[in-house]
Amino acid sequence: MYLAPDGDELGIAQAAAEFLAEAMSIERLHRAACADMSADLRHALGGMGWFALALPEDAGGSGLSAVEHALFFREVGRQCGPVDVLAQCLAATIVEDVTLRSAIANGDAGVALAVEDGTRLRIFGSENAAFMLQLGRDRSDLYPLENTASEPRASLDPATSIRLLDRVPTAVASDTGDCAWRLGQLGTAAMLVGIAEASLDQIVDYAKVRETFGKKIGSWQAVRHPCADMAVRLEAARAQLWFAATAMKEGRGDAGVHLDAAKYLANQAALANADTNIQLHGGIGVTDEHHAHLYLKHALVLARLFGGRREVLGRLLHAEVED
Amino acid sequence: MDLQYSDSDRDFRQKARTWLAANVPTTRRPANGHTSAQYDRDWQRKLYEHGWAGVAWPKEFGGLGLTGLQQVLWYEEMARARAPHYINTTYVALMHAGPTLIMRGTEAQKAFHLPKILSGDALWCQGFSEPNAGSDLASLKARGTIDGDDIVVSGAKMWTTDAQHADYQELLVRTDPDSQRHKGLTWIICDMKSPGIDIKPIRTMLNDEHINMVFYDDVRIPKSNVVGEINGGWASALATLSLERGLGFIGDQLELYERVGRATDMAGKLRLEDGTLAIDDSSIRQKLAALKADALAIRAMTLADIAETDRTGQPGPKGSMMKLLVTSAHKALSELVGDMMGWDFLEFDGDRTSHPWTYDYLWSWVFSISGGTNEIQRENIADRVLHLPRAR
Ligand SMILES: Cc1cc2nc3c(=O)[nH]c(=O)nc-3n(C[C@H](O)[C@H](O)[C@H](O)COP(=O)(O)OP(=O)(O)OC[C@H]3O[C@@H](n4cnc5c(N)ncnc54)[C@H](O)[C@@H]3O)c2cc1C
């Protein structure tokens with residue numbers, strides 16, 4: 001029993017953090033045309049093997065587990081990484097065709113994420129993506145996007161572009177089962193935990209330097225105590241994330257229940273921490289040049305994917321866990 | 001990361017489950033008075049006689065020498081079996097007095113006191129807080145004057161839980177009259193039958209008299225009862241407090257999941273004032289499920305902390321986080337059940353066992369105030385986890 005990153009896991013988390021801080025820093029979101037993965041970024045991530053982390057070795061991947069997947073996406077979250085990073089990883093796990101799979105895994109072919117919205121599909125990710133991935137709890141389908149007309153929509157979140165599609169094309173690859181969906185839920189929860197962490201780090205740093213009335217704001221209890229609450233929420237969400245990732249890795253029968261709990265707690269922690277981070281920054285917190293609003297807006301997208309609050313709570317109520 | 005239990009962990013759980021199923025008392029604990037303390041002593045003696053006493057204690061001091069993880073299993077099984085609640089009149093002795101002696105007591109103190117604690121023969125209370133020293137414990141004023149081989153204590157302690165039942169007390173007094181704050185304090189074992197002690201119960205909002213004012217009028221305590229150094233009591237007090245804040249609430253952490261389950265079962269039977277089943281009310285459903293997620297996270301945090309402690313031998317700084325989470329979740333759960341129960345919730349006669357949900361609701365303030373208020377826990381987190389500039 002051990003529930004914190006350990007051994008090789010630490011190395012992977014650190015490598016991911018360093019790579020992403022270079023290649024996909026949150027600073028990018030203050031520049032024009034910053035949404036989604038650019039083709040360059042996609043190739044950079046693919047070239048380093050990040051899309052193939054959880055892919056079995058005989059399928060050309062690193063053969064690592066849900067735990068490393070969660071560690072990687074936590075770092076993605078800290079940089080408000082785009083949703084198509086996740087779609088790209090998940091698509092690689094459902095495609096049987098070797099050529100297509102390697103094109104996805106190495107970043108040659110882009111994949112966006114598609115989510116059912118009434119009779120239409122809502123697409124998150126680059127308009128240059130060749131495919132879109134739609135995931136359900138019992139099946140996943142990969143569709144071609146080229147030559148498919150979609151309607152661009154405005155997006156609150158600078159990290160994510162959104163389009164709507166009326167007509168669903170014919171799938172090029174499909175998979176039954178919930179494995180990809182679960183990796184999606186875990187990855188999203190991990191990104192939200194990353195956002196909750198980054199928000200806390202940001203306000204703690206600021207509280208140590210900003211002064212009012214001759215004192216650092218971090219010495220005022222009206223600042224200290226909400227920071228402590230942020231730390232508590234984060235700690236709970238992170239512990240449950242590690243539990244869920246490990247339960248998945250070990251194939252426990254109750255992994256789905258722990259994932260739902262992890263997603264719920266990650267939703268709440270990211271939204272609340274992003275909120276408090278803005279408030280405790282004062283005026284600078286509402287400016288466009290600051291990161292604080294980026295965490296909030298990205299959390300609002302992620303909190304709706306792979307189980308919003310009502311959906312996961314509905315499943316959790318009567319779910320059973322093992323010893 | 002891994003979630004594996006070893007074979008011996010699994011064996012331990014199975015043995016505990018079987019034993020508890022056969023041995024948990026079927027009679028209710030009396031709500032108040034001498035008979036309630038006797039009930040606790042009897043249960044502790046039974047645990048002792050069957051080899052279950054001292055789950056957190058090392059073997060060489062008569063405990064079970066369990067790993068942290070096995071302690072988690074023990075408390076989970078206690079909750080499942082609905083065993084007598086571990087926060088009872090034996091709590092101070094087992095959870096912090098005994099362990100403080102193990103860390104800082106003399107050989108003679110250990111030899112005399114530890115067996116009595118394990119067998120339920122000796123109950124302890126904690127005399128730290130005073131009328132004007134609670135959160136700011138270091139400002140305490142009770143005097144201990146050194147007189148030959150004795151320390152003569154005068155002054156008052158407040159909030160002392162179960163003082164009227166206790167045989168001994170963890171007593172913290174100022175032995176250096178010129179000292180300031182943390183310096184000049186001494187931690188002594190006070191025999192509660194010593195002449196000069198006067199105990200005045202304080203009635204609480206729970207309708208009980210578990211807490212007390214304790215007055216000391218020239219109470220003579222032999223110097224051999226000092227734990228740690230004379231005037232070096234703060235270090236021993238910190239040891240006691242770290243035990244209280246570390247695993248002190250482990251039972252509540254693990255019990256929460258069971259309690260959410262019980263509340264959910266109850267919601268399946270209770271009708272709300274408009275006739276609908278409580279479980280069909282979407283706001284109740286969502287709150288129950290959210291509390292279940294909280295309970296799972298608290299369990300995950302407990303396991304993470306325990307595993308870390310088993311590995312490093314040092315408890316981490318997370319106790320304050322845990323106390324905030326667990327006190328808030330317990331309060332939210334009892335508020336929710338209170339809302340579902342309607343008028344029945346208000347028919348409370350002060351009996352913990354006949355109206356457990358109302359009792360727990362009232363107890364939620366005890367939980368978030370005693371052992372360091374939630375505000376003080378936030379201060380600890382700000383200082384020790386986040387390293388923010390000090391408020392004080
Ligand atoms: C039921 C019960 C049982 C208890 N049992 C025992 C026992 O057996 N033995 C024992 O020694 N003690 C016991 N206590 C005492 C308990 O530890 C204290 O009540 C507690 O530490 C708070 O101290 P206080 O009551 O003096 O409140 P105060 O310290 O006066 O606090 C008043 C309010 O101010 C807040 N506050 C204080 N300082 C700060 C600060 N720096 N920043 C922000 N907010 C602050 C507090 O959070 C609180 O809300 C018990 C208390 C209760 C209620």
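Helices, which have at least four residues, and strands, which have at least two, are DSSP runs numbered from the N terminus. In those terms, Ala33(A) sits in the loop between helix H1 (8-23) and helix H2 (39-47) of chain A. The model described here is predicted. Over all chains the structure holds 44 salt bridges, and its ligand is surrounded by residues from chains A and B. The points below cover charged pairs, the ligand site and several single residues.

**Salt bridges in chain A**

- Side chains of opposite charge can pair when their charged atoms come close.
- Glu197(A) and Arg74(A) form a salt bridge in which the closest N and O atoms are 2.6 Å apart.
- This pair links distant parts of the chain, with Glu197(A) in helix H6 (residues 179-207) and Arg74(A) in helix H3 (residues 66-78), 123 residues apart.
- Both Glu197(A) and Arg74(A) are buried.
- Glu197(A) also forms a salt bridge with Arg78(A), where the closest N and O atoms are 3.0 Å apart.
- Because Glu197(A) lies in helix H6 and Arg78(A) in helix H3, this pair ties together parts of chain A that are 119 residues apart in sequence.
- Glu197(A) has a relative accessibility of 4%, and buried means under 20%, so Glu197(A) counts as buried.
- Arg78(A) has a relative accessible area of 23%, so Arg78(A) is partly exposed.
- A network of salt bridges links Arg74(A), Arg78(A), Glu197(A), Asp201(A), Glu235(A), Arg238(A) and Lys318(B).
- Arg182(A) and Asp178(A) meet through their side chains in another salt bridge, with an N to O distance of 3.1 Å.
- Arg182(A) counts as partly exposed because its relative accessibility is 22%.
- Asp178(A) is partly exposed as well, with a relative accessible area of 28%.

**The ligand site**

- Which chains contribute to the site around the ligand? Residues of chains A and B surround the ligand, so the site is shared between chains.
- There are 18 residues around the ligand, and those that come nearest are Gln221(A), Gln126(B), Ser135(B), Thr161(B) and Thr373(B).
- A polar side-chain atom of Ser135(B) is 2.6 Å from an oxygen atom of the ligand.
- A polar side-chain atom of Ser129(B) is 2.7 Å from a nitrogen atom of the ligand.
- For Phe128(B), a backbone N or O atom lies 3.1 Å from an oxygen atom of the ligand.
- The ligand taken alone exposes 970 Å², and the protein buries 70% of that.
- In chain B, strand E3 (150-161), helix H10 (356-369) and helix H11 (374-385) are the elements that give two or more residues to the shell around the ligand.
- E3(B) supplies the largest share of this shell, three residues.
- Sorted by class, the shell holds six nonpolar, 10 polar and two charged residues.
- Domain 2 (124-232) and domain 3 (246-385) of chain B each give at least three residues to the shell.

**Residues with positive phi**

- Most residues other than glycine have a negative phi.
- Ala33(A) has a phi near 45°, a positive value in a residue other than glycine.
- Trp159(B) is part of strand E3 of chain B.
- With a relative accessibility of 44%, Trp159(B) counts as partly exposed.

**Two further residues of chain B**

- Arg181(B) is in the loop between strand E4 (168-174) and strand E5 (185-191) of chain B.
- Arg181(B) counts as partly exposed because its relative accessibility is 37%.
- Arg181(B) and Asp136(B) are 45 residues apart along the chain, and 9.2 Å separates their C-alpha atoms.
- Lys323(B) belongs to helix H9 (residues 319-341) of chain B.
- Lys323(B) has 3% relative accessibility, so Lys323(B) counts as buried.
- A polar atom of the Lys323(B) side chain is 2.9 Å from the backbone oxygen of Gly372(B).

Conventions: Residues are numbered from 1 along each chain as its sequence is written. Chains are lettered from A and ligands numbered from 1 in the order in which they are written. This is a predicted model: local features need pLDDT of at least 70, side-chain atom pairs count only at pLDDT 80 or more; totals for chains, interfaces and linings use all residues. Side-chain values use heavy atoms; hydrogens and water are left out. A salt bridge is a side-chain nitrogen of Lys or Arg within 4 Å of a carboxyl oxygen of Asp or Glu. Buried means under 20% relative accessible area, exposed over 50%, partly exposed in between (1.4 Å probe, protein chains only). A residue is near a molecule or strand if one of its heavy atoms lies within 4 Å of it. A polar contact is a pair of N or O atoms within 3.5 Å; within protein, one must be able to donate a hydrogen and the other to accept it, and residues adjacent in sequence count only if both atoms are side-chain atoms. Accessible areas come from the Shrake-Rupley method with a 1.4 Å probe; for residues, only the protein chains shown count as cover. Ala, Val, Leu, Ile, Met, Phe, Trp, Tyr, Cys and Pro count as nonpolar, Asp, Glu, Lys and Arg as charged, and the others, Gly among them, as polar. Domain bounds come from an automatic or database domain assignment.
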